[in-house]
Amino acid sequence: MRIEEHPVRQFDRGEKVSFFYNGQKMEGYSSETIAAALHAAGVRRLGHSPELHRPRGLFCAIGNCSSCFMTVNGEPNVRICVTRLEEGMRVEEQQGRGLCPHDSRRGDFGGGRGPCRSVRRPGRR
């Protein structure tokens, strides 16, 4: 579900791109976030809470909570509500706290070293 026309706002969707969500090929636009593309494709459940395993959906949509953490191109804990969609991205539902396979301190949830960073914030690489 996407807004196609709006009486006040103009949309620059960017180019149509393909990406993979849990192995399934999907399409979105380069100027939208991963969360927006998934929502438009009908995906409402983005994961489960780590302890009680309750379904989680989009919550704040501004990068402040942890409801939208997913593994993107092998990197865990990416906030998909603020991460732009790119051609060929591989997005996977994250199980639990998203341990980094390259981090010798498995189980750490804040800081991360090496190629994986635990909790990526918008504007930071």
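## Accessible surface

The protein exposes about 8000 Å², of which carbon and sulfur atoms supply 46%; the areas come from the Shrake-Rupley method with a 1.4 Å probe, and for residues only the protein chains shown count as cover. Of the 125 residues, 36% count as buried (under 20% relative accessible area, with exposed over 50% and partly exposed in between; 1.4 Å probe, protein chains only).

## Basis of the model

This is a predicted model, in which local features need pLDDT of at least 70 and side-chain atom pairs count only at pLDDT 80 or more, whereas totals for chains, interfaces and linings use all residues. Residues are numbered from 1 along each chain as its sequence is written, and side-chain values use heavy atoms, with hydrogens and water left out.

The average pLDDT of the protein is 80, and 76% of the residues score at least 70; pLDDT is the predictor's confidence in each residue, from 0 to 100. In the protein, confidence is highest in strand 1, at 97, and lowest in strand 3 (residues 47-48), at a mean of 84. Two stretches call for caution. Over residues 104-115 pLDDT stays under 50, and the model has 19 contacts beyond four places in sequence for them. Residues 117-121 also stay under 50, with 20 such contacts.

## Fold

The protein has 1 helix and 7 strands, arranged along the sequence as β-β-α-β-β-β-β-β. Helices (H or I, at least four residues) and strands (E, at least two) are DSSP runs, numbered from the N terminus. Among contacts between residues at least 6 apart in sequence, 41% join residues at least 24 apart; a contact means heavy atoms within 4.5 Å.

## Nonpolar core

The largest nonpolar core has 19 residues, and those with the most contacts inside it are Phe19, Tyr21, Ile34, Leu38, Ile80 and Val91. Strand 1, helix 1 and strand 5 (69-72) each supply at least two residues of this core, the largest share, 4 residues, coming from helix 1. Such a core is a set of buried Ala, Val, Leu, Ile, Met, Phe, Trp, Tyr and Cys residues joined through side-chain atoms within 4.5 Å. In soluble globular proteins, nonpolar side chains tend to be buried together.

Leaving aside neighbours within four places in sequence, tyrosine 21 is in contact with Met26, Leu38, Val43, Arg45, Met70, Val91 and Glu93.

## Buried serine and threonine

Serine 18 is found in strand 1 (residues 16-21) and is buried, with a relative accessible area of 14%. Not counting residues up to four places away in sequence, serine 18 touches Lys25, Met26, Glu27, Glu86, Glu87, Gly88 and Met89.

Threonine 33 lies in the loop between strand 2 (24-29) and helix 1 (34-40). Threonine 33 is likewise buried, at 17% relative accessible area. A polar atom of its side chain lies 3.1 Å from the backbone nitrogen of alanine 36. Beyond four places in sequence, threonine 33 touches Ile80, Cys81, Val82, Thr83, Arg84 and Leu85.

## Cysteines

The structure holds 0 disulfides, a disulfide being a pair of cysteine sulfur atoms within 2.5 Å. The sulfur of cysteine 60 is 3.6 Å from the closest cysteine sulfur, in cysteine 65, and is therefore too far for a bond. Cysteine 81 is in no disulfide either, the nearest cysteine sulfur, that of cysteine 68, being 3.6 Å away.

Cysteine 60 is partly exposed, with a relative accessible area of 23%, whereas cysteine 81 is buried, at 8%.

Definitions and conventions:
Polar contact = N/O pair within 3.5 Å; in protein donor to acceptor, adjacent residues only side chain to side chain.
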